[in-house]
Structures are given as C-alpha cells and as structure tokens.
Amino acid sequence: LHSRASLPGAMEGPPPQPPSEPASEPAAGRTLQADLPPDLARAAAELAHLGDDGAAPTPVPEDISEKDLALVRRFAKIRGVFARHGHLLWWLHSAYALTFGAFVMMYASKGYDNARWMVVLLCAGWLVLVLFFRHFGTGRGQKDKVKDTRSKLRFYIFTLALKNLYQSMLFFLVPFYWKATTLDSPNRFFLYLLGLLAVLSTVDVVFDNVLMRYKGPASLVYLFILFACLNLVLPALFPDTRTLITLLAAAALATLVFFTMHVPLKNLARPVWWLALLASLGAAVFATFAGRRAIPPVPTHVEVGAVGPQLLPDGRLSMHVSVLHESMIHEMHGLTDVVTPGGRGDNLFHVWRHAGVEVQRGAVEPSGDPPPGTVRLRSTLRSFNLPPDITGPWSIDVVTEDDQLVGRVPFEVIR
C-alpha cells in the first residue's frame with residue numbers, strides 16, 4: 001500500500017475540468033423575454049399563447065411588426081397589474097356589490113308590489129344554478145373543465161350571473177324581514193342569518209371558493225333563499241292567505257325544488273324515490289311548523305304601537321306613554337297599527353305580558369281611523385287581570401292565531 005502523498009498527482013492541484021459545452025445558440029428571431037422586463041415576460045407569454053408553465057418561450061417571428069409587439073407589451077403590463085394587485089380589485093368589486101345591494105334594498109323599500117318580481121329572479125337563479133353545476137361539475141373536478149379561454153369565459157359569465165341573482169334576492173328580502181322581526185324575540189336569528197348571507201354574497205373569496213365550487217353549499221343557500229322568498233311572495237300572488245299556510249307551502253315548494261336539483265327526474269320512475277320525496281316534504285313541513293315562532297311573518301308587521309291610561313271618544317289614546325307610575329294604572333289601553341299588504345288572512349290578538357309572563361290574551365277591536373294600508377287594533381288590560389305587583393317591564397305582543405309574533409310594544413311601570 002502506498003500513502004496518499006505518494007499517489008501520482010496527489011499534490012499537483014485539482015484535476016483539470018472537462019471542456020465546457022459550447023453555449024447554445026439563441027433561437028432565431030426575437031423572444032418576448034428579450035423584449036419585456038422579467039416580471040412581465042410570463043404574462044406576455046400567455047397573452048401570445050406561448051404557455052405559462054415555465055417552459056422557454058417560443059421565438060417571436062422575425063416579421064412581427066413593432067406595433068404588434070407594442071400591443072403585446074401593453075397587454076402584458078395590464079396583466080402584470082392584475083397579477084400584483086388582483087386582491088385589491090376583488091375587494092373593490094365586493095365594495096361595488098355592497099353598493100349594489102344598498103340600491104336593491106332602497107328599491108325594495110318602495111313597496112310590497114315589487115315583490116312579484118322575485119318570482120322571475122327565483123326561476124332565473126334555479127336555472128343558472130342547475131346549468132352551472134351540470135356543465136362545470138363540482139369540487140376539484142371543475143379545474144379539469146375550465147382550462148382554455150372559452151371555458152374560462154363561460155365560467156366567469158355563469159359566476160357573475162349567479163352572484164348578481166343571489167345578491168339581488170338576498171338584499172331584496174332584508175327590508176321586509178327587518179320590518180317583520182322583533183329584535184328581542186327568537187325570530188331575530190332568521191334576520192341575522194339572512195343579513196349574514198347577504199353580506200357574504202358580496203365577498204368574492206367566499207362566493208368563488210365555496211358557493212361556486214361545491215354544489216352542496218350552493219344549493220343549501222339557494223334553498224334558504226327560495227324559502228324566504230316564497231314566504232314573502234306567496235301572499236302577493238294569493239292574497240288573504242293565512243300566514244301558517246303560506247309558511248308551510250313555502251317549505252314544501254322549496255324542498256321540492258331542492259330535491260329535483262339533486263335527484264334526476266328519471267329516478268322518480270322508481271317507487272323508492274317517491275317515498276324519499278314524500279318523506280322529505282313531510283320532514284320539511286313538520287320542521288317548519290315546529291319552528292314557526294322563529295320565522296318573521298312577512299309581509300305583515302307592526303308600523304306603530306302605543307299604550308295609555310285613557311281613551312278619547314274617537315278611539316285614540318289621550319297620551320302615549322313608555323314609562324308611568326303605578327298609581328296611574330287602573331285600566332291600560334293598547335293601540336297597534338298593523339300593516340297587512342298580503343291581506344287579512346289571519347286573526348290577530350294582543351297578548352299582555354309582565355316581565356315576560358302572559359297576563360292577558362284576547363281578541364282585538366278595530367279603533368279610530370288608521371293610516372292607509374294599515375288596520376288599527378285596540379285592546380284593554382282589565383284591572384282584575386293585574387298582578388299584585390305591577391311594577392317592572394311590560395309589553396303588548398301582536399300575535400297570529402298560530403302564535404307567530406308580528407310585533408311588540410314595550411312599556412314600564414315604576415313605583
């Protein structure tokens with residue numbers, strides 16, 4: 001064995017490097033990378049149909065004119081701006097959507113007669129939703145169907161149409177449910193959910209990444225919108241309908257539409273699917289009946305209400321009070337002006353409550369000359385129904401015969 005030092009060439013420096021390969025000749029013609037800044041070369045490559053997968057760009061033909069090359073550069077700069085500031089543009093679009101929603105609410109506030117247009121929006125929303133998921137699929141499978149420019153264009157058109165339909169319907173509903181909601185009762189949560197969905201429909205990150213990607217969440221949101229819309233629209237189409245009947249009919253119709261969105265019609269040739277449909281309808285109607293107190297009875301609502309210790313000869317109150325001394329109470333009178341744009345399909349009652357406990361419930365009587373489009377209801381809290389201690393918070397609840405809360409008039413008795 002020889003030592004390392006005795007090996008030939010061990011101390012003579014590193015071995016010579018093999019000769020380097022000659023540099024490859026640049027491709028003939030100009031390339032977009034040579035003519036554009038590095039941060040725009042990728043964008044220009046896609047604009048010129050050169051692909052953006054990181055591969056070397058195809059040489060630009062020698063006969064390309066300076067005008068055409070300048071046009072490519074201009075579009076590349078625009079794409080670069082979108083690439084760098086795209087998130088800000090999406091938030092600007094969300095701000096526009098909120099502004100659009102505000103105008104929709106202003107339009108809805110003009111009157112209940114405009115509610116009939118919701119039928120058109122509902123049909124359009126159902127059609128666009130069904131066509132979208134049948135054409136583009138759901139979940140990760142959408143990426144396989146949205147590749148070329150044409151498919152992307154169709155995808156964005158469907159997305160924009162569905163966004164505007166969702167936003168229009170949700171923001172249209174908000175003013176009507178706001179008027180019919182009592183904010184210290186359980187039906188306020190229905191309004192909260194409606195408002196939350198209206199705001200989220202304007203946030204493109206949520207809408208594009210959840211509602212437009214997965215059929216389940218999109219159809220569930222549409223189910224809620226459809227139910228809320230039908231609950232509002234059916235009294236306009238069929239006046240003087242009892243609120244509970246409207247509520248149950250809206251639940252059944254919304255469930256039927258939801259079922260057809262997920263089950264092909266050809267499956268109904270089998271009896272098992274008819275049983276599934278009937279079970280779904282029965283469950284939806286039962287759940288709606290059980291939760292009717294948590295749903296505002298749109299479009300009926302209390303416009304104004306008041307209480308007082310004395311009535312005038314014309315049926316008006318001598319004074320409207322919110323706080324009064326217990327010595328003033330012998331008999332209390334309550335007046336409520338109720339707006340019923342869908343007709344008088346319900347019998348309404350006044351329920352007097354003390355500290356949340358029911359003290360008196362009874363029918364109401366028309367009173368005085370109410371404003372146009374309203375009915376004025378009056379009831380009297382009799383002295384023999386007064387509890388021993390009458391101090392504390394009181395309220396008059398206007399309820400339907402099915403115990404749906406229409407509105408509430410609070411007042412307080414002090415010692």
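**Entry 1: the crossing.** I began with the handedness: α6 and α9 cross left-handed, meaning that the near helix is turned anticlockwise from the far one by less than a right angle, clockwise being right-handed. The model is predicted; local features need pLDDT of at least 70, side-chain atom pairs count only at pLDDT 80 or more, and totals for chains, interfaces and linings use all residues. Residues are numbered from 1 along each chain as its sequence is written, and side-chain values use heavy atoms, without hydrogens and water.

I then took the geometry. The axes of α6 (residues 149-180) and α9 (residues 215-237) come within 10 Å and cross at roughly 45 degrees. That makes α6 oblique to α9. Angles under 35 degrees count as roughly parallel, over 145 as roughly antiparallel, 65 to 115 as roughly perpendicular, and the rest as oblique. Axes are lines fitted to C-alpha atoms, for helices over the stretch in contact, with angles from 0 to 180 degrees between N-to-C directions.

**Entry 2: who meets whom.** From α6 I listed Y166, M169, L170, F172, L173, F176 and Y177; they meet A218, V221, Y222, I225, A228, C229, N231 and L232 in α9. Contact here is heavy atoms within 4.5 Å. By class, the α6 contact with α9 has 14 nonpolar, one polar and no charged residues. Ala, Val, Leu, Ile, Met, Phe, Trp, Tyr, Cys and Pro count as nonpolar, Asp, Glu, Lys and Arg as charged, and the others, Gly among them, as polar.

**Entry 3: the open sheet.** I traced four strands in the order β1-β3-β7-β6, with antiparallel pairing. β1 (301-308) and β6 (365-366) are the edge strands, each pairing on one side only. Two strands pair if DSSP finds at least two bridges between them. Two bridges join β6 to β7 (residues 374-381). P366 has L377 in β7 as its bridge partner.

**Entry 4: β4.** Is β4 mostly covered or open? Six of the seven residues of β4 (residues 348-354) are buried, that is, under 20% relative accessible area (1.4 Å probe, protein chains only). Seven bridges join β4 to β8 (residues 392-400), antiparallel. There W352 stands opposite I396. Six bridges join β4 to β5 (residues 357-363), also antiparallel. V351 stands opposite R361 in β5. β4 and β5 form a hairpin with two residues between them, and A355 in the turn has a positive phi of about 55 degrees.

**Entry 5: the whole.** I noted 11 helices and nine strands, taken as DSSP runs numbered from the N terminus (helices H or I, at least four residues; strands E, at least two). Of the 415 residues, 41% count as buried.

Technical notes: Buried < 20%, exposed > 50% of the residue type's maximum accessible area, 1.4 Å probe, protein only.
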